[in-house]
Amino acid sequence: MPITDTEAMSKKPAVQPALHKVIMVGSGGVGKSALTLQFMYDEFVEDYEPTKADSYRKKVILDGEEVQIDILDTAGQEDYAAIRDNYFRSGEGFLCVFSITEDESFQATQEFREQILRVKNDENIPFLLVGNKGDLSDKRKVPLADCESLAQQWGVPYVETSAKTRENVDRVFFDLMREIRSRKMDDNKSNNVRGKDKSKRKKLKCVIL
Amino acid sequence: MSDPMIKKLSSNDFIVEKFVKELSQHCVGGLELQQKRVEIGALAEETNTLLKKNVFHNYMLFIETAKEISHLEGEMYQLSHLLTEQRSLLATLAHSSIVEGVAPLNTSVNTSVEQDKETQARKQLNDIMQKVSDVAHSSIVEGVAPLNTSVNTIVEQDKETQARKQLNDIMQKVEGCVPLLDSPRVFILEGDLIELDPLENKPLRRVHAYLLSDMLILACPIQGSQGRYQLSTCYDNLTSLAVVNIRHIAAAFKLLAFPDTRVFQAPSASGKKEWLDKFEEIKKSNKDQNSFQSKSDPADSPGNPFEQHEDEEDEEEEESGASEDLPSPSPSIPEWLQEVPEDLDVLIVERHFEDAYNLIEKTREYLNENKTSTGGRESLDAVFVTDMSKKLDARVDTLTAMLTKELKVTPENTRGSPSAHLRPRNQYSLRDLALLISLTHDCDLFLALCSSILRAQLKRVSHVIPDIPLNKTSLSCDLFLALCSSILRAQLKRVRRDGPALNYVSSASTVFFTNLSLMTTELQKVAFPGTGECAAAFVVWATREFNLFVSYVIRELFVTQSSLSSLSPCIAAVSTKCDQLTSLGLDLRYLLDGALRGPLTKALKETRDKLTDTIKLRCSEDKWKPFNLNNRQQRDKFLAEFSEAGLASMTSYLTGDCWLRLSNNTILFTRLYLSLLQDCFNLANSDLLYNIEDTLYIVMQHQLKHVDASLRNDQLADEREFIVQNADFILNNLLALCEKKFEQNFKFKSKKLAQVRKEFQHLA
Ligand SMILES: Nc1nc2c(ncn2[C@@H]2O[C@H](COP(=O)(O)OP(=O)(O)O)[C@@H](O)[C@H]2O)c(=O)[nH]1
Ligand SMILES: [Mg+2]
């Protein structure tokens, strides 16, 4: 996808709006698809259908600028590490979702985080820890303090959402897009100043004199 | 209105002229006459309403009666069926001595052994099926079927050459193709795709893709030479190829193989599904690789077809008797043939009737073909052939007896308990058949095969034991129905459950009702024309299958608290299909309505609660501010949406360019309510009317209560005028529209909607 990066980062107004690639990760049943569908189509799906790997794209206005968001909604687990890595590689930012009603899903985020860091080889990859099903606070199993301290430990924001009431749904996607955008801008700068690209495979051919 | 007047008007000797004359005589002056006229007018109106009410009342009664009759009919059939069963039971009892001669068979089979056998049988069936389809395929592809092709010559080798041929074809068609014959791969799927630009989704080029069991080959058509391609990419590690289903472009999917992202579009949604499914299947089968490899792998022998031939012969010694083997060109008796009698005994005892039947057929054919020497082949030893034929005949008799026993009520059974014959019939006699069906993916082929098996069985049953006065019709009818059950259930099982519920329900109903109507026609017109007792059995059977089907649908639909809008199209789909059966004389609608009443009532209630929750939440945030439509485009879209819904009057609430003198909350509620109403229409049947009206009432009431409270709220005093406008909209536009729609749909006025109007009319 080198083309994409170049496009997104070029300074002159691109023909195509910038594309930000977001990946939903987290155990099955935590509401990745529900969040995605709520964000995409303003609807809440009650039925639980395991996802394999679905991709969505839509144009949105991010701080007054038209951009495209590309969401890859993944399955909770993937048996082949190589395939999983290929999913993760294609992402520029991650929403790592768990359900506040399920401790296991919270514990599982650790592994997702590690896998992503390994694949992206980048400690500062745009990443949000998302505690979903906030509407079910009476069934809460994961204390807020735990969530916040984990996020702090990773140095990422923590947000609680509800795909059902739409609480914070837009926020997590937009916050993540902002991080991705600012990351791209940073990369762009540092690339222009000097090619001190840390083991990155970006074939940038921007010539600004 | 005076009673005498009605009496006069409705008396038998009423004459208009006379009445008018009398009136004009009695009345003094025009005023009094006018008075009379008003009275008569009112009377006319009242009579009219009465008449309407009566018609409606009678109509409901009529429907009720029709339903009762349907019930009754079902019961009559059930009775008739029971009687028929009783009669054949008595017949069997009378001749029990004959049947009992064959009865003592192994009943305490070790379960684990049985299971082993079952898996083995399953494997064998699978093999057979594959071979059958290969033959079908090869005769089409090659155009020539060898003259003396018989089941016996269909061997693994054929399958392998077939696979190799396919791979060779690909290598020939694709220029620059990698060598494909170096490992035991098989061809899975090919097709034309359009590659899209991953960023802009614009078509880039046409590609032709081949999916093999371990690689994906992408090739570009070569201009000017039809059917020839140039290799473009070869992904040879499918276990690292990530496949993504693209939801926002029709029929498209994505392949992620770092650093490539490639987007492809199939010619149709079903085409895409096939690609995704195949990728998934390969992934699954790779996962089960251990078990996969432990099975004998036909493709693992090296290239030379001549060498291979010898290998096959060696292997033959080791293979079990029941599977299809290469016929030896020598006259020596193949080992499997020698084991046939024993194998048959085992199969019969373990009730693998289909296997047994197939083995018998196979043996017969083999014996027939090798009785005399043909085309350089020497004949089998004549003594062996006679001996074997005798043994075979004995097994045929046993099998027939077993089959009969299986399907009839056995004397032992009945002796045990007097009501034993009321127990559901043993469904397992055709278990293997069902297995067969569920193993296959080629439905037509399987149906054909099943019916040929069935036909053969029927023939056997009727001619091998001509002197046992079995009730042949009823027996074969039972067999027929049992077969139908297997087909129906197996097909239903195959309907995929991973899509939206609507997909499942409509595919399942298509499968069920199409099959059912086919079976009905088959039974009535072809198999057993004009036999009443079969009709009875059929109706009982159909009712049972239908109930099972409905229970599947219910299980699928009502798992989680399901939304009405997802339910209603599903219910509508099933109901329509169900109604179509009436044309064949089968009315199952009352069963459906009955079965759905409970869950639907619950779903309605849940919906009601959910909606009132939503309303409460939204109302708590209601700021009573005009609604901003942002720009003209959005405004026009918005107005179009509502005028389509029947609220063209929305235009009159516009102020300025893009503002609406209604609150956001009112708009949201309008949408919500209209969609609720539509859902209710879709679900409606007379059993549910009460609940539907109640739901509509309560939801509307909640919103209006909020309006009412807001009007009383002093803090909102400044917004009073605006609130009243909203109330007016809800009552006189929305509610009025809903009342109208309700009447159109149900042919009567909703009392509950009228009631809620009355309760809140003062607001507007
Ligand atoms: N109450 C509630 N249920 C949710 C929420 N998000 C998802 N669900 C439900 O949880 C189940 C699993 O959601 P899904 O999006 O398919 O999970 P995924 O496997 O992570 O994609 C579904 O039945 C959803 O309706 C939420 O925020 N609140
Ligand atoms: Mg999902």
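A polar contact is a pair of N or O atoms within 3.5 Å; within protein, one atom must be able to donate a hydrogen and the other to accept it, and residues adjacent in sequence count only if both atoms are side-chain atoms. A polar side-chain atom of A:Lys133 lies 3.0 Å from an oxygen atom of ligand 1. The model is predicted: local features need pLDDT of at least 70, side-chain atom pairs count only at pLDDT 80 or more, and totals for chains, interfaces and linings use all residues. Residues are numbered from 1 along each chain as its sequence is written, chains are lettered from A and ligands numbered from 1 in the order in which they are written, and side-chain values use heavy atoms, with hydrogens and water left out.

Two further residues of chain A approach ligand 1 through N or O atoms. A backbone N or O atom of A:Gly29 is 2.6 Å from a ligand 1 oxygen atom. For A:Ser33, an N or O atom in the side chain lies 2.8 Å from an oxygen atom of ligand 1. There are 21 residues around ligand 1, a residue being near if one of its heavy atoms lies within 4 Å. A:Gly29, A:Ala34, A:Val45, A:Glu46 and A:Asp135 come nearest.

Helix packing was examined next. Two packed helices are described by the angle between their axes and the distance between the axes. Axes are lines fitted to C-alpha atoms, for helices over the stretch in contact, and angles run from 0 to 180 degrees between N-to-C directions. Helices (H or I, at least four residues) and strands (E, at least two) are DSSP runs, numbered from the N terminus.

In chain A, the axes of helix H4 (residues 103-120) and helix H5 (residues 144-154) come within 11 Å and cross at roughly 10 degrees. H4(A) is therefore roughly parallel to H5(A), a term for angles under 35 degrees. A:Phe106, A:Thr109, A:Gln110 and A:Arg113 of H4(A) make the contact with A:Asp146, A:Cys147, A:Leu150 and A:Trp154 of H5(A); contact means heavy atoms within 4.5 Å. By class, this contact has four nonpolar, two polar and two charged residues. Ala, Val, Leu, Ile, Met, Phe, Trp, Tyr, Cys and Pro count as nonpolar, Asp, Glu, Lys and Arg as charged, and the others, Gly among them, as polar.

In chain B, helix H23 (residues 664-683) packs on H25(B) at an angle of about 10 degrees, with axes 11 Å apart. H23(B) and H25(B) are therefore roughly parallel. Residues that meet include B:Phe669 and B:Tyr673 in H23(B) and B:Phe729 and B:Leu737 in H25(B). The contact of H23(B) with H25(B) has twelve nonpolar, four polar and one charged residues.

Helix H25 of chain B spans residues 720-746 and holds B:Glu739. B:Glu739 and B:Ala754 are 15 residues apart in sequence and 7.8 Å apart in space, C-alpha to C-alpha. Not counting residues up to four places away in sequence, B:Glu739 touches B:Leu753, B:Ala754 and B:Arg757.

Helix H24 (residues 689-712) and helix H26 (residues 751-760) of chain B pack at about 15 degrees, with their axes 9 Å apart. H24(B) is therefore roughly parallel to H26(B). The contact of H24(B) with H26(B) has seven nonpolar, two polar and seven charged residues.

Backbone geometry was considered last. Most residues other than glycine have a negative phi, and most peptide bonds are trans. A:Asp63, not a glycine, has a positive phi of about 50 degrees. A:Asp63 sits in the loop between strands E2 (53-62) and E3 (65-74) of chain A. A cis peptide bond joins B:Phe258 and B:Pro259, with omega about 0 degrees. B:Pro259 is in the loop between strands E7 (252-257) and E8 (260-265) of chain B.

Notes: Angles under 35 degrees count as roughly parallel, over 145 as roughly antiparallel, 65 to 115 as roughly perpendicular and the rest as oblique.
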